[in-house]
Amino acid sequence: MSIENMYNPNLEFFVDMQRCIGCKACEMACAECETNGHESMIHVNYVDRATTIQTTVQVCMHCEDPVCANVCPADAISKDEFGIVHTANTERCIGCSNCVQACPFGVPKKVEEYDLMMKCTMCYDRTSIGKKPMCATVCPSGALFFGTREEIAEMRPNSTPVNTFIFGEEIVNTKVNIMMPKGSNELRIY
Amino acid sequence: MVTILRTLNGKALLVAFAVTALLLALIFYGSRDLQNFDAALITYLFGTIFALFGVTYRYTVWIQRPPTWMYFKRGFQLFFNGRILYHFGFFLKKSVVNIGLQKFVYPRGKYRWLAHFLIAFGCMTAFAITLPLTFGWIHFTLAPGGIDIYEAHFFGFTVFNFKLGSLIAFMTFHALNWSSYMVIFGSLYFLRKRLTQPGLIATQNFESDLLPLILLIIISVTGLGLTYSYQFMKGFAFDFLAVLHAISVIIFLIWIPFGKFFHIIQRPAQIGAHIYREEGIKQGMAVCPHTGNQFDTQMHVNDLKEVTKELGFNFDKPDGTSHLDLSPEGKRSLLAKAHLEARLKGGNLFG
C-alpha cells in the first residue's frame, strides 16, 4: 500500500499548553521518532520560572506558508501534499540558522555538531502509516492530542481548536491546532 | 513553448552562456587547438558541457532568491572587509575540514561518515581525472628516446613522468578503479540504510534518494567492468559495457543541475555561513528581550527582518519592535503567555 493511501487526513494535532505539567514524557517519546534520527525535537520550557511554574510545550505547527522554508537559502525545507513541513534535507542544509531565527513559533533547532537544522516532522514515519505521533501517545495530561475533530469536541466541549495566529502584522495559519476558549477563531500574540 | 521561454531567468541564461563559452574557449586552448583532444570522449564532452550550463543556470537562479542573495552579498562584503588573507586562510581551512573531510557528518555516525567520505572522495578524484581528460587538457605520451618512460602533459606542458610497470604507473592507470571501489562501498552502505531504516523509508522517494545511489553503483561497476573485461576476459562484452558506462555517466552529468547531486555544487555555501557567523559575533550579539540572554548575532537578526519583509512576511509589532527580536525560547514563551491570557479571559484555564 502506498503512503498516500495510509495517511489519514482526518486525524489532526491539538495542543493545549495550559495542560502541560512539564513532565517531559513527550521529550523522551520524541527521541524514539525514526524521522528525527532519535533526537528529541519537542520543546518543553518554563514560561517565566521566576514568577510561575507554568511550562509550555511546542511542536512544529506545520504552517500553511512556512516561513522557515521561505527563508532557507539552500531550499532544504519542503512541505508535502499532506501539509507536513519536513525537517531540513541533510544534504542541502548549510546550517545557517535562518529557519531557527525566523520561525514565529521558535521550533527549529540547530544541532551545532551536525551543522544541521532539525525539527519535528509530526513523526512522519508513524503518521504516514496512520499512527499517532510519539509525543501525543504518551502525554499524560492531554496537552498533546492527536485524533479527529469529533473526538476533541467531545473531550473538550468548552474549547475550540484554533489554527490562526497573529504576530504583529503577520497572520500565520497552521496545520496544528491550539485549544482556545470556545468561540475563539484566532490567537493574537501581540 | 513560449510559456517555457517566458519562465526562463534572463540573468541566469546570460551567465550560463558566458560560463559555457569560457569552458569551450579553455577546451580549445587547453587542448592546443584540439590536437590533444580525444575524439573518443566526445559524448562525455557534450554531457559535461550540458551539465555545466545547467549547473550555472540553476546556481544563478538559486542565488537570486532573497535569503540566498543576502548570504551571497554579505559573504563577499565580509570576505573583502580588509582581512582578506585571514578569510582566505579560514576559507581554506573550512574547505579541507568541511568539504574535503566532511567532518560534520562524523558526529552522526562514524560508518556514515566513512561511507560519505568514500563516495565524495571517489567522485572528486574521478572528476579530477576524467574532466581534464575529456577536455583534452591532460594527455600522456612516451618520453622521446625510449619506450619505458611515460609523460603526463597538462595544457600542453609536461608536468611529470613515470616508468611504465612501476607502482606509480599502476596507481595512475588504475586511479579510476580505486575511485569506483570507494563509490561502490559508500553507496552500498547508504542503499542498505535507505532500504532498512523506517525514518528514511517514510520520507525518501525513488528518484531523489535511491536512484542517485543506484546510478553511482552502475557507473562504478560498468567502469570497473571495462578494466576487468580487457585485462581478464579478453575483451568480453567490452562494447556493451562501454556503451552502458557512457549512458550512465551522461545521465549522471545532465542530472547534476536537477537532482540530489546539485548539493555538490551548493555545499560550499556552508563555509560562507560560517564566515557570516564568525564576523557577526565580532560585530555584536542580539539579546532576547524575554530571556535576557544572547541568542544570535545582531547582524543576522537585522538581515532576517529585511529578508522576511522581502518575502512578504511582516513580524513588526505595534510598539515598533519585531517578533524576530526574540530568541526561539522567547517566542515560545510569549505564545504560551498569550494563550494563558486568552484562557484567563475565557474564564476557564482548561476548557
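Visitor: In what order do the five strands of the open sheet in chain A lie, and what is the pairing?
Guide: Please bear in mind that this is a predicted model. The order in chain A is E6-E1-E8-E7-E9, and the pairing of this open sheet is mixed.

Visitor: Which are the edge strands?
Guide: They are E6 (144-147) and E9 (187-188) of chain A, each of which pairs on one side only.

Visitor: How many bridges join E1 of chain A to E6(A), and do the strands run parallel or antiparallel?
Guide: E1 (residues 12-15) and E6(A) run antiparallel and are joined by four bridges. Within this pair, Phe146(A) in E6(A) is the residue opposite Phe13(A).

Visitor: What does H15(B) touch on the sheet?
Guide: H15(B) packs on the sheet and touches E8 (170-181) and E9 of chain A. The direction of H15(B) makes about 50° with that of E8(A).

Visitor: Turning to the two chains, how many residues of each are in contact?
Guide: The contact involves 52 residues of chain B and 56 residues of chain A. On the side of chain B, the elements that give two or more residues include H4 (66-79), H13 (269-283), H14 (298-310) and H15 (328-346).

Visitor: Which element gives the most to that side of chain B?
Guide: That is H15(B), with 15 residues. By class, the side of chain B that touches chain A has 25 nonpolar, 16 polar and 11 charged residues.

Visitor: How do H4(B) and H14(B) pack?
Guide: Their axes are 9 Å apart, at an angle of about 145°, and the crossing is right-handed. Pro66(B), Pro67(B), Met70(B) and Arg74(B) of H4(B) meet Asp303(B), Val307(B) and Glu310(B) of H14(B). That contact has four nonpolar and three charged residues, and no polar ones.

Visitor: And at what angle do H8 and H10 of chain B cross?
Guide: H8 (residues 175-196) and H10 (residues 206-232) of chain B cross at roughly 150°, and their axes come within 9 Å. Because that angle is over 145 degrees, H8(B) is roughly antiparallel to H10(B).

Visitor: Is the crossing of H8(B) and H10(B) left-handed or right-handed, and which residues make the contact?
Guide: The crossing of H8(B) and H10(B) is left-handed. Among the residues in contact are Leu176(B), Val183(B), Ile184(B) and Phe190(B) of H8(B), together with Leu213(B), Ile217(B), Gly223(B) and Leu224(B) of H10(B). By class, this contact has 11 nonpolar, six polar and two charged residues.

Key. Residues are numbered from 1 along each chain as its sequence is written. Chains are lettered from A and ligands numbered from 1 in the order in which they are written. This is a predicted model: local features need pLDDT of at least 70, side-chain atom pairs count only at pLDDT 80 or more; totals for chains, interfaces and linings use all residues. Axes are lines fitted to C-alpha atoms, for helices over the stretch in contact, and angles run from 0 to 180 degrees between N-to-C directions. Angles under 35 degrees count as roughly parallel, over 145 as roughly antiparallel, 65 to 115 as roughly perpendicular and the rest as oblique. A crossing is left-handed if the near helix is turned anticlockwise from the far one by less than a right angle, and right-handed if clockwise. Two residues are in contact if their C-beta atoms, placed from the backbone, lie within 7 Å. Ala, Val, Leu, Ile, Met, Phe, Trp, Tyr, Cys and Pro count as nonpolar, Asp, Glu, Lys and Arg as charged, and the others, Gly among them, as polar. Two strands pair if DSSP finds at least two bridges between them.
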